[in-house]
Amino acid sequence: MNRSSRSGLWITVGAVALVLIWEALVRLLDVRPFVLLAPSRIVSSFADDPGFYLSDAWVTARHLVVGLAIALAIALVAGSALAAWRPFEHAAQPALVLVMVTPWVAYITSVRLVTGPGTPAAVFLVAFVTIPAFVYATVGGMRGADPAARELFSSVDASRREVLLRLRLPSALPAIFTAARFNVGLGLGAAYYAEGAAGARSGLGESGFRASALNEGPWLWTTILCAAMLGIVAQFALILTERRLLRWHQSQRRA
Amino acid sequence: MSTGAEAGIEVVGAAKRFDRVDALATVDLTVAPGEIVTVIGPSGCGKTTLLRLIGGLETPSAGAITIDGETPERAKGRKRVGFVPQAPALLPWRTVEANARLLLDLNAAVTPPRPSDPVDLLDRVGLAEFRDAYPHELSGGMQQRVGLVRAFALGAPYLLMDEPFAALDEISRADMRHLLAELCEPVGAGVVFVTHSLAEAVYLSDRVVVLGPRPGRVVGTVTIDLPRPRRPQLEDDPAFFALESEVRALLLTGVGR
């Protein structure tokens, strides 16, 4: 058995063990469905109406992907400027730190009032909370570009654009991917919460909020697990993209 | 514009001070077109600083530098100088061939006068079969060969090399200096080569300029009148040893021994 089959086997063993322990704990401790639902019941709840959950998951996935894309675009522009000029970086710190530490649960009403309810609020919140990690990754990655390579670029008077696109940006890619993996979880939380709290018409968060209000444990837990599955799919897609784009990076090489 | 009278690299009274540290005392140096000049000296004497001043990567605190009559900044803008840094500085996301083309790809609006085919050069340095490999798949010596090809591919009339073999083991280092001589001789580029190695200095150069300890100043120059083309067996020649001794004696004089 080769190394990747072995690690695949152990991941499966871990996943099966997790599900079995979860199922056993819920049954043995007789946990109420609203507090924690057994995996078997989540599966049967999903199987009762898969189209309902899948269409909500599709809405949440769109909120997540669009929000992350906007955050990444803003972070690349802002991060390039911050990496090029240190005073800019210092000046941006208060705003970045404030966005990172302020609980978004607290200001969702303002977001809803500014952007309008539903999709705009969800996309805005996803983008807003994920920008700082992308900015820090972009700035750190760009600053970390090989100094000898920077001199080499300078030795033939390469333009700022060439330095940015051919040296700084590729150097920042590994850090940006790491931030993306962190931001998938963060953004998914923001999307789920904003859909529920900012009056979306559909989405896993909206569905989950209604289930909560109606005290529907199986429904609520199925939306939660669908959101988790969405996160796993997003992480997997990121890993595959990373393997393809960062073949050259040491993180992607076999030991 | 350049004129015949100004041809070559001219360093006149150049000095460099970083904050409170004098890195380089007043230095005068000329390198004729096609001439290979090695700068040798103790660690921290300002060899690399001198090279960076010539390459327009630093500005002198005093004095003036011209390359074929132009300022280093202007020469840099016209891609008249190929630079070989101490570390190979290969871009890990580019293949060997793409790395070899890097200096041609950058600032591409400036057409080099005589670009060489990087594929031909890779073949000459024994890396033809590694064209599509990535830098992490190469040994240190192979990476440095790509660094040399990258500079030679530019076809620039001047090459600046900053201890390019410093990180290699002795055998690889000897191979590299033999290879570099083979690459340099037919090209006819003016070369400023910075090194700590006496063997490299004597084997490669037409002239060896010895700097004293920091702040570096020229303590002497040795003309290397060994015949060209130079081949590895030259290193067993008594004339080679005599020149090595002469350079060593100057180095020791420079450090006060």
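A salt bridge is a side-chain nitrogen of Lys or Arg within 4 Å of a carboxyl oxygen of Asp or Glu. Select B:Arg52 and A:Glu151: these residues form a salt bridge, with the closest N and O atoms 2.0 Å apart. The count between chain B and chain A is 1 salt bridge.

This is a predicted model, in which local features need pLDDT of at least 70, side-chain atom pairs count only at pLDDT 80 or more, and totals for chains, interfaces and linings use all residues. Residues are numbered from 1 along each chain as its sequence is written, chains are lettered from A and ligands numbered from 1 in the order in which they are written, and side-chain values use heavy atoms, with hydrogens and water left out.

Next, display both sides of the contact (heavy atoms within 4.5 Å). Chain B contributes 24 residues and chain A contributes 19 residues. Now select B:Trp93, B:Leu106 and B:His136, which supply 31% of the area that chain B buries against chain A, more than any other three residues. Buried area is the accessible area (1.4 Å probe) that two parts lose on being put together, summed over both. The two chains bury about 2000 Å² between them, 66% of it on carbon and sulfur atoms.

E1 runs antiparallel to E2(B), and 7 bridges join them. Select B:Glu10 to find its bridge partner in E2(B), B:Thr30.

Definitions and conventions. Pairing = 2+ DSSP bridges. Helix = DSSP H or I, 4+ residues; strand = E, 2+ residues; numbered from the N terminus.
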